[in-house]
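Please look over the model below with its side chains displayed.

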Amino acid sequence: MTDNDTTIFSGSLVIFNEISMGFVYGWVAPTIRQQQAAHSEFQLDNEQCSWIGSLADLGRIFGPFMAGVFINKLGRRITLIFCTIVFFAVWPFVLFYRSIEVIYASRFAFGLVVGLNDVCSSIYVGENCRPNLRAVFSSISILVFYAGELVEFALATYFSYTVVASVNSIITFLALSCILVATETPHYLITRKKLDKAEKNFNWLRGKAEADEEFEKLKTFVEQEQSEKISFKELLVNKTYYKPVLLILILCFFMMMTGFSAITSFVSIAFGESDTLTPNQFVTLYGLGQFIAVCASPFVIEKLNRRTILISSFAFVTVIHAASAALYLAKASGIQIPYSSWLIFATITLYSMTFSFGLHPIFYTIRGELFPQNVKAIGGSIAIIGHSCIGFLSSKMFLVVADAYGMYTNFLTLAASSAVAILYVYIWIPETKGKTLAEIQQELRGQFFGNEILMGMGYGWLAPTIRRLRTPNEQIWLNDEQCSWLGSLHDFGRILGTFTAGFLLDVCGRKMALTLSSVIYFVMWPSVAFAGSAATLYAIRFAFGVSVGINDVCSSIYVAENCGTRQRSIFASITMACYYGGELLEFAICTYLPYKTVALTNATVGLLALSTNLWCTESAQFLIAKGKYAKAESNLRWLRGGTLQQSEFEELKRDVVEENAKRLTFLEFVSNAVYRKTVLMTLTLTVLMMASGPQSIVTFASLIFVQSAALTPDEYTTIFGIWQFVAVCMSLLVINRCNRKTLLVASFLLMAAAQGVAAALYYVHVYVQPIAHFPWLIFAAVASYAMVFCLGVHPLSFVIRGEVFPQKIKAIGGAISVTGHSMTAFATSKIFLLLTDTCGMYVNFVIYAVFCVISALYVLWAVPETRGKTLAEIRKIMENW
C-alpha cells in the first residue's frame, strides 16, 4: 500500500461510525409518527415523544466527560470499538424489549456514545491522516452522517418497527467488524512509551519499510505537546484560551437555537398530510434535501468568507422560519392556504438545507481555526457539551410549546434567535479564511463592542416605551411634559459623563472607566423595572447619559491604544453598526414584550456585556504613564499574540513619556489659531448635524408613526430600526469610495428633501384633508431621512473629526464635540413635544429641513476635503483655511 492508500483505509474505518450516528438521529422522526397512531404498538403521547426526541442529546452531554478517560487511558482504537459495540448492542434491545422505558434508555445510551465518538473520531483522523487529507475526511464525515440519516428516514417510512431495528443491527455489526481492524495511532502509543509499536504503526500508515526523520519529528512533537497541556483552571483564567472557547460556545448556542435537533426529531409531526404524500414520505424528501445540500457545500465554503456564509445563512434561516410561523399561524387561525402542506414542507426543508450547506460545516471549520492548538481538545469537548445542552432543551420543549402556544410560536422563537445571531456573528466572530492562527488570535484580542450595543439599546428603549407610558393603565403614566424630560435627560447626563471621563481615564485607567460605564447600565435596568414614579425614571435616564458620556470618550481611546493600525478603522466602523444593531434589537423587544420583561432582559444583556470586560486588558499606554512598566510590557506582549520586539516597547514608552511632558495647556489651546479653527469647525458641524433632528426622531418615533390597518406605530418603529441598521452596514462600503465633502453635501440635501416631504404630509393630512395611505407615506419619508443620515452624515462626522484634529487636541476636541452633540440633542428632544402640541407636528420637520439646508451650505463653505490626505497635509489645509 502507498502512503495515501493506508491513510485513506485508516480514515475510512472511522466513517462507519458516522453512518451509525446518522441512523440514531434519523430513526426518531418517522418512528414517533408511526407510534402515535391509534393502532400502533406504543401509542405515544406528546410528552413521551418529547423525551424520545431529546434524550439522545441529554446523553451526548456526558460523552465528552468520559472521553478524557477513555482516549488517554484505553486509547483511540479501543474507544472507537467501544462506541461501535454500543451502537450495535442497543438495537437488539430496541427490537426485543419493547417498552417505553427501554426506548428511553436506548436513546440516552446512543447519545452517550455519540458524544464520546464526536471527540475520539476527530482525534483519530487528525493523528492518523496527513494534513492534506484531514479536511477531506472531515467533509466526508458530515456527508456520511447525513447519508445515514437519509437511509434511516427511508427505512422507517416504508418498513415496520421490527424490520428497521433488525436492519440497523446488521449494519452496525458490519461497522463493528470493520473497526476491529483499525490500527492504534502512533501518537497515543508514544505517550504510553510503546515506541516499537508506534514506529511499526507509523511505518504502515506512511507505507514505508522503516522509520525515518518524520517519525523522530513526531516523537519530538508529542513530547512537546505533552509539556504544553493546559489544565481546566488555566483555561478559565487565561484570556487567550477562554475567549475563543466562549465565542464558539455562544456561536454553538445560536446555531442550535435555529432548531436543528428539534426539527429533525419532530419533522414528521411538523409536516401535515397532503393529497399525494404522507408526513413520513415528506420526511424522506426532507432528508434528501439535506444530503444534496451537504454534498454541494464543499464546492462553495472554501470560495467564500466564513462570516459571509454565516451571516447569509442566519439571515436566510430568519426569513424561512418567519415564513413557517406565518403558515402555521394562518393554519391555526382557520385561514385556508392552497398547498399549505407543500409550502410548510418547502420552508422547513429549505431551512434544513441551509443548515447543512452553511451553518453546520462552517461552524466546525471556524471551531478548528479559532481554538489555539493546546485547547483544541478541551475546547472541542466544551463545544460538544454546549451543543448537546441546547439540542436537548430545544427538542424537549418543542412539542410542549406547540401544545401550549401553537406550532407557530416555536418558529417565531427560532426566527428571533436567528436574527440575533446575525448581530452576534457580525460583531464578534472574526473572519478566519486565509489567516494564520496568530492573526486570528490578535483579532480576538482587539474586540470590544459590548458597550456600544448597550448604548444602542438604551436609546432604542425610549421610542416604544414613551408611547406605552402615555397609556393610563401602565405602571407609570406620563403626560407630554414628563415624556419630553424622559426623552431628553440622558443627553444632559451625557455632558457630565464627558467631563467625568477625563478624570477616570487618567486616574482609574481605560478598562476601569469602561467597566464603570457597563456597571451603571446594568444597575439601572432593575431600577427601571420597579420604578414607581416619573422622578425615578428621570434619575435613571440621567445616569444612563453619564454612562454614555464616559463610554464615548473612553472606548475610542481604548481601541486606538490597544489595536494595531490595520484594525483601528475596522473597529471604528463596526462600532457604529453595533450601536444601531442594539437600537434595532431594543425596538423589537419593546414592541412585543411587557415593560418589566424588557427591563429585566436589558439587565441580563448588560450583565453579559459587563462580563466581557473581563476579556479586556488595560492599555500599555496607561500603565506606562503610571510607571508600571513590567505590567505594561506583559499586556502589550499579550496584545501582540505573545511576541513583542523590545524596541517596539521602548519606542512606545518613550512616546508616552514625551506626550505626558508636553501636555496641552488651556492658554496654548485658546491662543493657537489652528486649534481654535479646528474645534470650532467640528463643533459647528456636530451642532448642525444634531439640529437636523436625528435624536428627537428616534426618541419619539412611535409618536411620529401612525397606526395603519397592517402595523402598529411600534412595529413601524422596529422596521425603522432595520432601515437604520441596513444603512449603517452599507456605509462601510460607501464612505471610503466617495469624497467626504461631496457625500456630506449630498446627504444633507437628501435629508432636507425627506424632512420637507414629511412636513408637507403632516400639514396636508392634519390641516387640509386626510391623505390615503398616510401611515406608510410618513414612515417612508422619515425612514428615508434616517437611512441617509446613517449612510452618510453620521459616520462621516466621526471620520472627519478624527482626521482634522491635531494629535495634541484629540482628547479635548473630542470632549467639546461630544458636549455640543449632547446639548443640541437635549434641546431638540426637549422641545419636540412642546412644538407638536402648540404648533403641530409638521413644524418640527420644517425646522429640521431648514437646518439640513444650512448644514449643506456650511459644509460647502467651511469643511475641507480630507479623503486620501495625510494628517500633515490636513493640518496644512487647516492652517490656510
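Helices (H or I, at least four residues) and strands (E, at least two) are DSSP runs, numbered from the N terminus. By that scheme, Cys 178 belongs to helix H7. This is a predicted model, in which local features need pLDDT of at least 70 and side-chain atom pairs count only at pLDDT 80 or more, whereas totals for chains, interfaces and linings use all residues. Residues are numbered from 1 along each chain as its sequence is written, and side-chain values use heavy atoms, with hydrogens and water left out.

Burial is stated throughout by relative accessible area: buried means under 20%, exposed over 50%, and partly exposed in between (1.4 Å probe, protein chains only).

**Aromatic rings**

- A pair of aromatic rings is described by the distance of the centres and the angle of the planes.
- Rings of Phe, Tyr and Trp (its six-membered ring) pair if their centres lie within 6.5 Å, and the planes count as stacked when under 30 degrees apart, as edge-to-face when over 60, and as tilted for the rest.
- The structure holds 37 aromatic pairs.
- In one of them, the ring centres of Phe 398 and Phe 411 are 6.4 Å apart and the planes stand at 85 degrees, so this pair is edge-to-face.
- That pair links distant parts of the chain, with Phe 398 in helix H17 (residues 376–405) and Phe 411 in helix H18 (residues 407–428), 13 residues apart.
- Phe 398 is buried, at a relative accessible area of 3%, and Phe 411 is buried as well, at 1%.
- Phe 845 and Tyr 848 form another edge-to-face pair, with 6.3 Å from centre to centre and 85 degrees between the planes.
- Because Phe 845 and Tyr 848 are three residues apart in helix H39 (residues 841–862), about one helical turn separates them, and both residues are buried.
- One aromatic cluster is formed by Phe 587, Phe 705, Tyr 716, Phe 720, Trp 723, Trp 776 and Phe 779.

**Charges over rings**

- A charge sits over a ring if NZ of Lys or CZ of Arg is within 6 Å of the ring centre and within 35 degrees of the ring normal.
- The charged end of Lys 396 is placed over the ring of Trp 51, at 4.5 Å from the ring centre.
- Lys 830 likewise lies over the face of Trp 485, 4.5 Å from the centre of that ring.

**Cysteines**

- A disulfide is counted where a pair of cysteine sulfur atoms lies within 2.5 Å, and by this rule the count is zero.
- Cys 49 is buried, with a relative accessible area of 0%, and Cys 483 is also buried, at 0%.
- Cys 178, by contrast, is partly exposed, at 24%.
- The C-alpha atoms of Cys 178 and Ile 81 are 9.6 Å apart in space, while the two residues are 97 residues apart in sequence.

- The expected span of a helix is 1.5 Å times one less than its number of residues.
- Helix H7 (residues 161–179) has 19 residues and should span 27 Å, which agrees with the 27 Å between its end C-alpha atoms.
- The buried residues of H7 are Tyr 161, Val 164, Ala 165, Asn 168, Ser 169, Thr 172, Ala 175, Leu 176 and Ile 179.
- These residues cover an arc of only 135 degrees around the axis, which puts them on the same side of H7; the arc is that of the directions from the helix axis to the C-beta atoms.
- Among the buried residues of H32 are Val 674, Tyr 675, Thr 678, Leu 685 and Met 689.
- Gly 693, which follows H32, has a positive phi near 95 degrees.

- Thr 718, in helix H35 (residues 713–734), is buried, with a relative accessible area of 12%.
- A polar atom of the Thr 718 side chain lies 3.4 Å from the backbone oxygen of Phe 587; a polar contact is a pair of N or O atoms within 3.5 Å, where, within protein, one must be able to donate a hydrogen and the other to accept it, and residues adjacent in sequence count only if both atoms are side-chain atoms.
- Most residues other than glycine have a negative phi.
- His 773 is not a glycine, yet its phi is positive, at about 60 degrees.
- His 773 lies in the loop between helix H36 (740–768) and helix H37 (774–804), and is exposed, at 62% relative accessibility.
- Ala 531 is in the loop between helix H24 (510–529) and helix H25 (534–562), and is buried, at 4% relative accessibility.
- The C-alpha atoms of Ala 531 and Ile 476 are separated by 8.0 Å, although these residues are 55 residues apart along the chain.
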